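Trainee: I would like to learn how to read salt bridges and cores in a model. Please take me through them one at a time.

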Amino acid sequence: MSLFRLDASILPGTSASAELADVVEAEWTAAHPDGLVVRRHLGIDPLPADAWVQAHAGALTPESDRTPAQRDARLLAETLVAELEAAEAVVLAVPLYNFGVSQHFKTWVDLVMAGASVGSALLKDKPTVLATVRGGGYAPGTPRAGWDHSAPYIRRILTDVWQADLIVVERELTLAATSPGMEHLRDLAADLRTKAVIAAGQAGRELGRQSVAFRTGADATAGHQGAMPVTKDRNSPRPSAA
């Protein structure tokens, strides 16, 4: 039994998304003490910025005519795909940066796309947790409602393209404790953190159970007990109450 974990924070020592992923991983490991955890940290070890260009160009070039850079990029893309395919469960820790998708995470997605078969449902029915965090508040009714252009994209890729069985754990106001002008939000931020950690624990336990169901081909969605700020996505993205 194996879990693939991806982190994308550029501040690994203080990462709020990693905190949630740590909880998910701990619960999964408790359910599978002999399981293997395969990690890739894009913030610590980012993928080459030009790798996707080379991998894409290599796919359009006969193998015998590929440049060394194209061959290396194709091998990297295939390795990333293999990491996902080999796991019975996946957890992704991806923060919101500048209202959009982390550049490291986007490069990873593009390379996975380059390495996978066209139209491949790479994570079809595979239990997957997305732990995502936002420094400010983006809930409906707030001044920046709708400014999060990361989570909808990631959900679209994971559920609609790769067809993962996705649980989303979200946390907002992660910068309230340290940012001037956000002092009045600190109590709310602390409450949101507590709820998100609890939700991550629930998601991790569910991931542990679903891993077995995925391996055996049983119904991995039976008996799911979601609790906000966990959102269970099936086939299409939708907003959560985080």
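Mentor: Start with burial: a residue is buried under 20% relative accessible area, exposed over 50%, and partly exposed in between (1.4 Å probe, protein chains only). This is a predicted model, in which local features need pLDDT of at least 70, side-chain atom pairs count only at pLDDT 80 or more, and totals for chains, interfaces and linings use all residues. Residues are numbered from 1 along each chain as its sequence is written, and side-chain values use heavy atoms, with hydrogens and water left out.

Trainee: Is E206 buried or exposed?

Mentor: E206 has a relative accessible area of 8%, so it is buried. R209, at 34%, is partly exposed.

Trainee: How do the side chains of E206 and R209 meet?

Mentor: They meet in a salt bridge, with 2.8 Å from N to O. The term means a side-chain nitrogen of Lys or Arg within 4 Å of a carboxyl oxygen of Asp or Glu. Both residues lie in helix α6 (residues 186-216), 3 residues apart, which is about one turn of the helix. Helices (H or I, at least four residues) and strands (E, at least two) are DSSP runs, numbered from the N terminus.

Trainee: How many salt bridges does a search of the whole structure find?

Mentor: The search finds 17. One of them pairs E25 with R39, where the closest N and O atoms are 2.2 Å apart. E25 is in helix α1 (residues 16-31) and R39 is in strand β2 (residues 36-41), so the pair links distant parts of the chain, 14 residues apart. E25 counts as buried because its relative accessibility is 10%, whereas R39, at 53%, counts as exposed.

Trainee: Which residues do salt bridges with shared partners join into one network?

Mentor: The network consists of R5, D7, D22, E25 and R39.

Trainee: Which residues touch the most other members of the largest nonpolar core?

Mentor: A nonpolar core is a set of buried Ala, Val, Leu, Ile, Met, Phe, Trp, Tyr and Cys residues joined through side-chain atoms within 4.5 Å. In the largest one, which has 34 residues, they are L84, L92, F105, W108 and W162. Among the elements that each supply at least two residues of this core are β1 (2-7), α3 (68-86) and α5 (151-161).

Trainee: What does L84 touch?

Mentor: Contact means heavy atoms within 4.5 Å. Not counting residues up to four places away in sequence, L84 touches F4, V90, W108, V112, L122, L123, K126 and W162. A second, separate core has 20 residues, including A21, V24, A199 and A203.
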